[in-house]
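Subject: Structure for you to look at

Hello,

Here is the structure I promised to pass on. Please open it first, then read my notes beside it.

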Amino acid sequence: MTLYRVLLTLSLLTVSLAASGAEVISTGSPYGRLYREIATDLAHDVEEMGAGKTEAARLKAFEAEWRKFLLNPAAPDPTRDPASPAHGAWPPKPVVAASVAPTRIRQVSIAPVTSGAPHSLVEPRKYVEQRFGPSLAKALSEGKARLEIYGGTTRSLLADPARKGQQLVRIPSLYESWGIEKFLDVAPGQADGKPRVIIRVPPIEEYVYHYGSMGRLLGADVERVAINEADRAGLRDTMRRSVRELYARLPAKPDYVALGYASQWEKALQADGARWKLQSASELIRDEGGAWGKVLTLSNARDPKRTVRVLTLGHDKTLWGEAARFLTEGVLEQEPKGIFFTGSAGGISEGLCVYDVSIPCKFATPNRLVPIENRLEKLKSAAADPSRLRFTPLHVASRTPAEQTNAYIGRLLSGRVGTIDVEQSLIADAVAEHNRVTGRDVTFGAANVVTDKPSAAVLGGAATHDLTRVDLAKKGQAQLTAVESILESLDDAEDWAAVADAKRKAAIHSALPSVSLERIRLQNGQGKVDADPKNKLSYYLFTADPSSPSSRTLAIPMATSRFDAENYQTDEWWDAHKLEIEKARREGTPVPRQDREEVRRWLRQNGLSVNPDVVSVDPRTGAATKKELREFLLDEFLERFTEGDSVVLYRGAEKAGELDAWKSGTIPRGVRYWTPDANYAWRYARKSETFLEELVEDRAPLLKFKVPRQEFIDGVQRGHIVLGTELTKNAHQSFEKSGKFQDHLANGADYLGEGKYGLEIEVRPRRPSRMQFNRYFVGAISVDELAQARARQIESGTARLLRQEPARAAELEALKASRFAMVEAERKLLSLIRTRANAEEIEAAIRALPDGTAEIANVDWADLSSLARKRAGEGITRGPAMAPGLSAPDCVEGYRTLR
C-alpha cells in the first residue's frame, strides 16, 4: 500500500495531491521513505509532552503501535484509541489552501552558527532534536533533505505564488498546538534531487530566527529563512484586538496585569503570611481571539479595606519574543497602572544557580538599553531575603539559545549581563515606548526563574543542569517565589500617594514623641520638623523615593553645630550683655563670653547637642533606627568629598584680605565655617565686591583646603571638628510660605543644596583643629573648578528631584539643560576675559549668553557683561590660560573623574 493511502487514512492531506504526487511518495520512493522516517517523531512528541504524566510502558507501547501503523495502515490507528496517550491530539483539522492570501515575504538573516563549535548548551544536538524531532534532525544532519523555515500562517504558505506547482504534505506533530507545523514538499524535480522539509512557525521574528539558527547548529542545508510581514502585522493586530475584546468581557477593569505563571497566583495569595489575600476570583474568561485570564481581587493583609485588582493574562498563541510585546501593546491600550512579567531565563552571572529567582536592575534589547526601571528592584532596599531573591545588573534579550556559543556568552559576561531570555526586555521596551509617546507612567516589574546556566562552559565549571532536564518541584517553588515578589512589591504601593505623608508623619511622631504632629510639616516625603522653635532646633525631612513604600524617611537635625559650649551664648545671656559686647567691639577690648559650664548645663537641660541622632523611619511599620549625626555625616564625607587620601573643604570669604592671610600662613580672625561643597562657599564669596575680577585672576575668595583623611577622621571622632547641616535663611522662609525649599538666587527653583539630600553640610572646627588649617590650605579655586562644582550640583540635584517628583520630568530636564548652558556660556566668557580676548570675541560671547538667571556670575556687586567689555584686550597676565571648550557635561564628567 502506498504512503498516499496512509495519508488519506490519517486525514493528513493539506492540499489536493495530483496523481503524480501520489506516485512520488509511494512506499519505495525516496520521498516515501523519508516521510515514513520523519513521521515516527510523533512518538517522540507524545513522550515529551507526556513526560512525568504517562507511564513509560504506555508511551513505549504507543511508539510500537505507531511505527506498525506507518508500515501497514490496515493496522489499528493508535491515535484514535481513547486509551492512547496521543488520543485526540492527531490528526488536526484539515487545512484548506486559499487561492489568494496576502504575502509580503522578507528574508531573515541568521548569524553564522558553526555546528560542533564550543557551545554553552550542554548538549546542543539533543536540544535541537527535542524541538525538531530526532528523526528529522538526523535526516537533515545527514543531508537527506534541505530545510526551509517559514514564519507565517498555513494559509499564506500554501497560497504563496512562489510555490506554484509544489505539493506539500503535512508531517504529523503534536507541536501544532504551539503553531508549529512540518511539511514535506513532494513536488518533482527539486534541486539536487533532495526533498525539502518546511517548518512553519508563527510569524514572529524571534521564532523564525530561533528555528533557522537551530538548523544551522544542526549542520543542515538551510535553504531559506523567511517571514511573511503581512502575517506578522496580522498577528499583531489580532493580539491587540483580542485583548480589547477580553477586557470587554471582564467583570471589572484591573489595576495591574500579570503575564506569566498564572497558575501560581492563587496559591501565593492563599499561603500563610501572604501580604495580600485573595478576596475573590472571576471565572476564567476567554476571548475567541485567544486571550484568556482571571481578575483577582486582593485585599491588603494589614488593611483589608484596601483592595487592588490584578488580571492574570495569557494567550493561546505561543508568547515567544515579540508576540509577548504584541500582547503587551494591547494591554497598554487599556491604561493599566502597571504590568508585571514572570518567566524563565538563562542565568549568566556566576553567582546565579538554577531555580534562583532573579530581579534585573536594567533591561536591554539587541538595539538599546531600555529606559525603564524594574519596580521589583525596590525590594532590594526593603531588605528582602538575599537567599530568596537575587538582584542582577542587566537582563538582555537573546533571540535563541542556539546562538549562545561560548564566544557569545563571553561577550555577555564582559558586559555584566545577569540573565537572558527572549521576551522580557521586549515587554519592558513596549512599556517604556508607551510612556514616552503618551506621557503616562505605567510601571513595569519583572522576576525571572533561572532554568538553565548557559554560562557553565565559559566559567569552566561542570554543568549540572540545562534545558534538557527539569526538576518540576523546584521549578514550581521558584515560580511561586517569583509571584510572591510581585505581591511584596505591591505591598502598600497601591494608593500609596494618598496615604504616604500621613503614614510618614505618624512614624516620625512615634520616633520623636515630644514633638506634636502640628510641628511636622511635609509634602511628598520632603519637609521640616520644628522640634523646638524657641531654641531653633529643627529637622530636615528627606525621602529618596516618595513613590516607594520601602523608601525610608530621614529626619536630619539642622544647625546643630552652633550648640557648642565654646561657641554659643544663650539668648537670655546675650540680651543681658548686649551693650557690653557692643562697647568691647567699639573699643577693641576682649568681648565678654558666657561661662562655658553654664552653657553646657543649659544645652543639656534643653536636649541640645552638636551630635544628635539622625532618625530613619520605615513609614510602613513605624519602625525607627537612629545614627549619630557625626557618624552619618562622616560617612558622607568619606564616600563623596575626598580627593585621594584627603577630605576636601571649601570656604567662601566675604571679607577682603582673607586669601592673603591664608597664603602668608596666618589664620584670619573670625573664620568659623567650612563646607565640602564649593557651591555653598560660593554663596558667601559672591558677596565680595570684587568677586568676578578676582575669579579670573585666581584670587577669588573661594578657598580650598585638603585635610588628610585620617586627620579628618581623628578630628571628628575627638570632637575637634564639628559636623552639621544647614539651609539658607531664604530656603527656610520659602518653606514657610510654600511648603517647598526654594533658592532665591535661582529665581525660586528648587533648592539643590549639595545635591544628594538638598541641604547643606557645614564644618565648624574648634580651636585646636582650626589652628592647624593653614597646613591644609591649597589656594583659590579656578573658574573651571567652580564650573565643575556647579554642573555637579545641577546634575545630582536634578537626579534627586526626578526620583522624588517623576511627574515633573519634562520641566526638570529642561531646567537642567538651560542651567548647564548658562554655566558653560559664563565659563567661556570668563575664559575669554582671562585669555586677553579682543572686543569682537567678547561681544560674540556676550550675545551667546542664554536668557535666565546667572549661575557663576550671580553676584551682588557687578555685571559680567560690563566686566567683560571693560577687560577686553587688557592682557591679564596672572595665572595660566584656562582650558578651552569645557562643556557642562565635561564639567560633570570632570567631577566624577576627580572623585
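Start with one term: two strands pair if DSSP finds at least two bridges between them. Keep in mind, too, that this is a predicted model.

**The whole protein**

The protein has 899 residues, and 55% of them count as buried. It holds 31 helices and 30 strands.

**A mixed sheet**

Look for an open sheet of 6 strands. Read across it and the order is E1-E6-E2-E5-E4-E3. The pairing is mixed. Which strands stand at the edges? They are E1 (105-107) and E3 (168-171). Each has a single partner strand, so one side of each is left without a neighbour in the sheet. From one strand to the next, the twist averages 30°.

Now pick out E2 (residues 146-151) and E5 (residues 196-201). They run parallel, and 6 bridges join them.

Next, find helix H9, residues 205-218. H9 lies across E1, E2, E5 and E6 (221-228). Its direction is at about 180° to that of E6.

In soluble globular proteins, nonpolar side chains tend to be buried together. The largest nonpolar core here has 85 residues. Which residues have the most contacts inside it? They are Phe132, Ile199, Tyr211 and Phe444. H9 gives the largest share of this core, with 7 residues.

Phenylalanine 444 is worth a click. Leave out residues up to four places away in sequence. Phenylalanine 444 then touches Ile339, Phe341, Phe363, Ile372, Glu373, Asn374, Arg375, Gln424, Ile427, Ala428 and Val431.

Another core lies apart from the 85-residue one. This other core has 41 residues, among them Leu633, Trp662, Phe712 and Val763.

**An antiparallel sheet**

There is also an open sheet of 6 strands in the order E17-E18-E19-E20-E21-E22. Its pairing is antiparallel. E17 (520-523) and E22 (624-628) are the edge strands, and each pairs on one side only. The twist averages 20° from one strand to the next.

Zoom in on E19 (residues 537-543) and E20 (residues 553-558). They pair in the antiparallel sense over 6 bridges. Tyrosine 539 stands opposite proline 557 in E20. Helix H20 (residues 629-640) packs on this sheet. H20 touches E20, E21 (613-617) and E22. The direction of H20 makes about 75° with that of E22.

**Cysteines**

How many disulfides are there? The count comes to 0. Cysteine 353 is partly exposed, at a relative accessible area of 42%. Cysteine 361 is partly exposed as well, at 23%.

Is glutamate 855 buried or exposed? Its relative accessible area is 4%, so glutamate 855 is buried; the cut-off for buried is under 20%. Glutamate 855 sits in the loop between H29 (839-847) and H30 (864-871). Its side chain makes a polar contact with the side chain of arginine 790, at 2.7 Å. Set aside its neighbours within four places in sequence. Glutamate 855 is then in contact with Trp682, Arg790, Ile794, Arg819, Met822, Val823 and Glu826.

Follow that list to isoleucine 794, which belongs to helix H27 (residues 783-804). Isoleucine 794 is buried, with a relative accessible area of 1%. Residues up to four places away aside, isoleucine 794 touches Leu752, Lys816, Arg819, Phe820, Val823 and Glu855.

Finish with serine 688, in the loop between H22 (678-685) and H23 (691-695). Serine 688 is buried, with a relative accessible area of 11%. Leaving aside neighbours within four places in sequence, serine 688 is in contact with Glu654, Glu694, Pro701 and Trp861.

Best wishes

Technical notes:
Residues numbered from 1 in each chain as written. Predicted model: local features only at pLDDT ≥ 70, side-chain atom pairs only at ≥ 80, totals over all residues. Heavy atoms only, no water. Helix = DSSP H or I, 4+ residues; strand = E, 2+ residues; numbered from the N terminus. Axes fitted to C-alpha atoms, helices over the stretch in contact; angles between N-to-C directions. Contact = heavy atoms within 4.5 Å. Core = buried A, V, L, I, M, F, W, Y, C linked by side-chain atoms within 4.5 Å. Buried < 20%, exposed > 50% of the residue type's maximum accessible area, 1.4 Å probe, protein only. Disulfide = S-S within 2.5 Å. Polar contact = N/O pair within 3.5 Å; in protein donor to acceptor, adjacent residues only side chain to side chain.
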